[in-house]
Amino acid sequence: MALTVSQGFDILLERLTPLQSERDAKARHRLRVEASLKASTRFGVQRFRETGSFTHGTGVRNHCDVDLLVSMSGNQPTSDTALNWVKEALKVSFSATTVEIRRPTVVVRFAGGAEQWEILPGFRTSLQGETPIYDIPGPASGWMSSAPTAHLDYVNRVNQQAGILGGTKKLARLAKAWKYHNRVPVSSFYLEMRAAQYMSVQTYFSPALDLCRYLEWLDEIELAGMNDPMGKASRFSACSSPATRTTALSNLRTAATRARKAITAEQSGNTQLAFDFLDLLFGYQFPKR
C-alpha cells in the first residue's frame, strides 16, 4: 500500500521489473533456438545478437519478450523469403510450439505463449570494425536498416546523465507498461527511443510528472516517425499501419488526459483522486493507496 504518488510509482516500477526466474527460463531456451537456426540448410549464420527491452533493461514483467537477431550469410533474398526461412527452420525443432511470422520478426510462443521469442533475420551491411548495421525486415514490407548496438549505447548514455540517473529506463518501462496493460498497438522500440530522446534534455526525473509530459509530447507530435538519433539507420515508425496508428493515437490522448488529471489532483491535495486516475492510466494495475 502506498501513501503518496511517488511511493506508488516506486512500488509499480518494482513490480514491473522482470523476475530472475524469467531471465533463467529465457536463457535455457536460447541454446535450443540458436541450434535450430544453425541447422538450417537455407542460410548460414554469422552470429546471434540479443536486442530489445530484455537486453536493454527496459522490459516489463510477464511481457518481456526476447528479441534475437540472427545475422545471415550468403545472398540476401527478399525480406519475406528470409522470414519464411527462419520460420521453417524453427518449426522443424519446435513442431509442437506455435511459430508464426509477425513482421518484422518470427515469433515463437513457448509454454502456450507464457514465454515468447521474437527472431529477427538480418544481413550485415557495415564493414567489420564499424558499428554493426543490418538490413532487417520492415514493419510492412521490404528491408530497413538498423543499428542495435548504437541504439543501446544511446539509451545507456542518456540513462546515465547527471540528475536523471536511471530515469530514462524507468520512463521507458512505464511507457511500455501503459502499452501492455491497455493493449495499445504501438512499437515498444519506438516508445523506448522516444523516452530516451525526451529525457536527453531533462535535468531531473519525476515519474508522475515526466510520464505525463512524455505522453503529452507524443500526443502533440502525433506519434510521428523518428529519425535514428545516432544517424546510422532508417527512420522508424510508431505503428505498423495507418489503422493501428489511429487506434494508438486515440489511446494516447486518453492516457495523456488521465496523466494530467492525476498531476492536477495531486497538486490540489487530492491524492486519492490522483491514484484513481493513475489506476485508469495503467489499466487498473497501479498500486492501491
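Of the 289 residues of the protein chain, 50% count as buried, where buried means under 20% relative accessible area, exposed over 50% and partly exposed in between, with a 1.4 Å probe and protein chains only. This is a predicted model, in which local features need pLDDT of at least 70 and side-chain atom pairs count only at pLDDT 80 or more, while totals for chains, interfaces and linings use all residues. Residues are numbered from 1 along each chain as its sequence is written, and side-chain values use heavy atoms, with hydrogens and water left out.

**Overall form**

- The protein chain has ten helices and seven strands; helices (H or I, at least four residues) and strands (E, at least two) are DSSP runs, numbered from the N terminus.
- Along its principal axes, the C-alpha trace of the protein chain spans about 65 × 40 × 35 Å.
- The accessible surface of the protein chain comes to about 13300 Å², and 48% of this belongs to carbon and sulfur atoms; accessible areas come from the Shrake-Rupley method with a 1.4 Å probe, and for residues only the protein chains shown count as cover.
- Among contacts in the protein chain between residues at least 6 apart in sequence, 60% join residues at least 24 apart, a contact being heavy atoms within 4.5 Å.

**Aromatic pairs**

- A search of the whole structure finds ten aromatic pairs; rings of Phe, Tyr and Trp (its six-membered ring) pair if their centres lie within 6.5 Å, and planes under 30 degrees apart count as stacked, over 60 as edge-to-face and the rest as tilted.
- One of these pairs is formed by F9 and F282, whose ring centres are 6.3 Å apart and whose planes stand at 75°, so the pair is edge-to-face.
- Because F9 lies in helix α1 (residues 5-16) and F282 in the segment after α10 (271-281), this pair ties together parts that are 273 residues apart in sequence.
- F123 lies in strand β5 (residues 115-124) and W143 in strand β7 (residues 143-146), so the pair ties together parts that are 20 residues apart in sequence.
- F123 counts as buried at 5% relative accessibility, whereas W143 is partly exposed, with a relative accessible area of 25%.
- One aromatic cluster is formed by F9, F275, F282 and F286.

**Surroundings of L174**

- L174 has its place in helix α6 (residues 167-182) and counts as buried, at 0% relative accessibility.
- Not counting residues up to four places away in sequence, L174 touches F9, L12, L13, L16, P207, L211 and F282, a list that includes both rings of the edge-to-face pair F9 and F282.
- L174 and L16 are 158 residues apart in sequence, yet their C-alpha atoms are 8.2 Å apart in space.

- N159 lies in helix α5 (residues 148-159) and is buried, with a relative accessible area of 11%.
- A polar atom of the N159 side chain lies 3.2 Å from the backbone nitrogen of T168, and the backbone nitrogen of K169 lies 3.0 Å from a polar atom of that side chain; a polar contact is a pair of N or O atoms within 3.5 Å, and within protein one must be able to donate a hydrogen and the other to accept it, while residues adjacent in sequence count only if both atoms are side-chain atoms.
- Leaving aside neighbours within four places in sequence, N159 is in contact with I164, L165, G166, G167, T168 and K169.
- S40 lies in the loop between α2 (20-38) and β1 (44-51) and is buried, with a relative accessible area of 15%, and its side chain reaches the backbone nitrogen of R42 at 3.0 Å.
- A39, in the loop between α2 and β1, is exposed, with a relative accessible area of 58%.

**Cysteines**

- The structure holds zero disulfides, a disulfide being a pair of cysteine sulfur atoms within 2.5 Å.
- C212 counts as buried at 0% relative accessibility, and C239 counts as buried at 13%.
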